[in-house]
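Here are some exercises to work through with the model open beside you. Try each task first, then compare your steps with the solution.

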Amino acid sequence: MSEHQFDLTIIGSGPGGYVCAIRAAQLGMKVAVVEKRPTHGGTCLNVGCIPSKALLHASESFEEAGHKFEKMGINGCKPKIDIKQMMAFKDEVVLGNTKGIDFLFKKNKVTPFIGTGKIVDKGVVEVTGGDGSVTKLASKNIVIATGSAVANLPGVEIDEKQVVSSTGALELPKVPKHLVVVGAGVIGLELGSVWARLGAKVTVVEFLDRILPGMDGDVAKTFPRMLKKQGFEFRLGTKVSGVKTTKSGVTVTVEPAKGGESEDIKADVVLVAIGRMPYTQGLGLEDLGVKMSQRGQVEIDDHFKTNVEGIYAIGDCVRGPMLAHKAEDEGVAVAEILAGQSGHVNYDVIPGVVYTMPEVASVGRIEEDLKADGIDYVVGKFAFMGNGRAKANQTPDGFVKVIADAKTDKVLGVHILGASAGEMIHEAAVLMEFSGSAEDLARTCHAHPTMSEAVKEAAMAVAKRAIHA
Ligand code: FAD
Ligand code: NAI
């Protein structure tokens with residue numbers, strides 16, 4: 001067994017782990033990263049954010065060429081899908097990104113170890129390689145950044161061929177005629193969009209009577225109408241009570257969530273997307289007495305510290321939204337704390353984006369929660385229909401909604417349904433980091449013609465003075 005000495009050892013090289021490693025190395029620490037996948041970047045780069053966005057981009061380009069070009073006088077575009085090439089494009093994007101992490105590790109003198117990490121004692125991590133070899137890392141501090149795994153639907157076995165998780169849905173060999181998606185959350189709508197654009201009929205079965213729980217209610221009401229035009233069918237307030245696979249296809253048995261008669265839906269492929277669970281198996285946490293929550297998350301204090309001295313945790317395996325940028329910011333914060341600085345994350349201003357067409361982007365509070373908390377607020381709303389650039393881009397669907405405190409005018413939340421919403425949301429995030437008001441946003445000069453002008457107009461609408469509405 002070989003032995004090494006480090007200031008910091010991070011288990012998991014997803015957005016939480018790799019960013020933490022780089023920041024800690026910048027701050028002068030000798031850093032090791034342990035990763036059991038052959039490539040770095042975690043769920044996000046390998047089977048999450050990056051491959052899904054590559055397929056979303058490819059399928060959106062196909063959709064545009066097929067349906068939007070002629071109107072602009074670009075004829076002769078009858079695009080055909082070459083799934084093999086589309087998947088090769090996606091794999092190339094993934095490889096480019098994971099290789100990028102190797103480069104950054106080298107540049108910052110972070111030492112990577114490929115193998116499964118286990119904390120065998122305080123300050124000791126054992127790495128078991130694929131060939132069974134064991135390497136011992138002695139480390140002043142350890143950060144657990146082991147992420148999350150797919151949540152299973154009880155009684156339903158995922159074979160990644162006919163019944164798939166997001167991982168299988170990112171590599172289907174052909175376009176299914178009928179894709180049934182279980183769960184109208186982020187994965188269901190994003191990957192459902194990919195296959196709907198490529199020609200599948202997509203039926204989304206959702207337990208609740210709305211889509212995207214936790215997001216703005218107006219978005220949840222308006223968005224399904226847009227998705228229906230793209231080939232989606234929604235079965236809300238419905239639960240799946242069984243899934244049977246045969247060689248010729250899958251039968252999904254559904255019934256009303258409140259109880260009632262069951263019904264069979266025939267499909268070629270079923271995507272199970274009902275959430276993700278923290279992943280901490282095999283880390284040896286029980287033996288060390290590391291406290292876990294009932295939901296299987298590693299329990300941490302405000303400084304990412306577990307109850308065991310020298311062991312910290314970040315990302316999907318701890319509380320909070322399961323988002324890559326949240327994991328990254330926690331990685332930076334914990335590295336800074338370990339270096340004696342005062343790293344922190346503002347959980348009130350973490351944007352969330354659903355990369356569909358149009359996109360959904362959100363930061364801060366939603367009306368439903370403000371009502372429940374008895375906070376007096378004012379809403380300013382502006383539709384993209386009144387925005388010149390949106391019309392020129394053939395993307396007039398959706399709106400911007402700014403929610404401000406009724407007394408102080410401080411912006412409490414911004415919700416956007418529209419093309420490029422995921423880019424526009426950041427001006428709201430910056431404003432909110434500085435506790436800005438709707439008037440601050442409304443009086444900031446926005447370039448014309450841009451979609452972002454709709455954000456300014458919505459802020460003006462808070463004071464009932466939008467110009468183009
Ligand atoms: P992970 O990225 O899960 O990384 C953890 C790593 O730890 C893994 O590589 C794992 O192999 C490794 N590991 C686990 N146990 C051990 C061990 N014992 N030893 C060694 N290594 C170990 N988020 C967004 O913000 N935007 C998006 O667009 C987005 N799209 C997504 C699309 C899909 C299909 C999915 C599934 C997720 C998406 N997410 C997105 C969520 C995002 O991927 C996660 O929030 C993010 O990856 C969490 O980062 P992490 O570092 O905590 O964990
Ligand atoms: P999710 O939590 O977003 O949505 C799951 C949906 O499934 C919910 O609407 C829920 O009500 C429903 N559901 C739960 N049990 C069900 C059942 N038995 N039958 C029918 N419906 C059921 O989870 P999802 O989409 O799996 O994504 C997992 C995580 O990955 C999310 O937390 C998300 O943050 C992250 N992610 C983020 C992305 C982004 O930021 N763009 C993209 C993809 C994933």
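**Exercise 1.** How many of the residues of helix α14 (residues 453-462) are buried?

*Solution.* Before counting, a word on the ground rules. This is a predicted model, in which local features need pLDDT of at least 70 and side-chain atom pairs count only at pLDDT 80 or more, while totals for chains, interfaces and linings use all residues. Residues are numbered from 1 along each chain as its sequence is written, chains are lettered from A and ligands numbered from 1 in the order in which they are written, and side-chain values use heavy atoms, with hydrogens and water left out.

Step 1: helices are DSSP runs of H or I with at least four residues, strands are runs of E with at least two, and both are numbered from the N terminus. Step 2: apply the burial cut-off, under 20% relative accessible area with a 1.4 Å probe and protein chains only. Step 3: 10 of the 10 residues of α14 pass, so the helix is largely enclosed by the rest of the structure. Among them are Glu-453, Lys-456 and Glu-457, along with Met-460 and Val-462.

**Exercise 2.** Which elements do the buried residues of α14 pack against?

*Solution.* Step 1: look for contacts, meaning heavy atoms within 4.5 Å. Step 2: list the partners, which are the strands β20 (377-383), β21 (399-405) and β22 (411-418), and the helices α12 (421-433) and α13 (438-442). Step 3: follow the chain just past α14, where Lys-464 takes a positive phi of about 55°.

**Exercise 3.** Work out the strand order of the open three-stranded sheet that contains β13.

*Solution.* Step 1: two strands pair if DSSP finds at least two bridges between them. Step 2: β13 (residues 249-256) and β14 are antiparallel partners over five bridges, and Val-250 is bridged to Ala-267 in β14. Step 3: the order is β12-β13-β14, with antiparallel pairing. β12 (238-246) and β14 (263-267) each have a single partner strand, so one side of each edge strand is left without a neighbour in the sheet.

Conventions:
Buried < 20%, exposed > 50% of the residue type's maximum accessible area, 1.4 Å probe, protein only.
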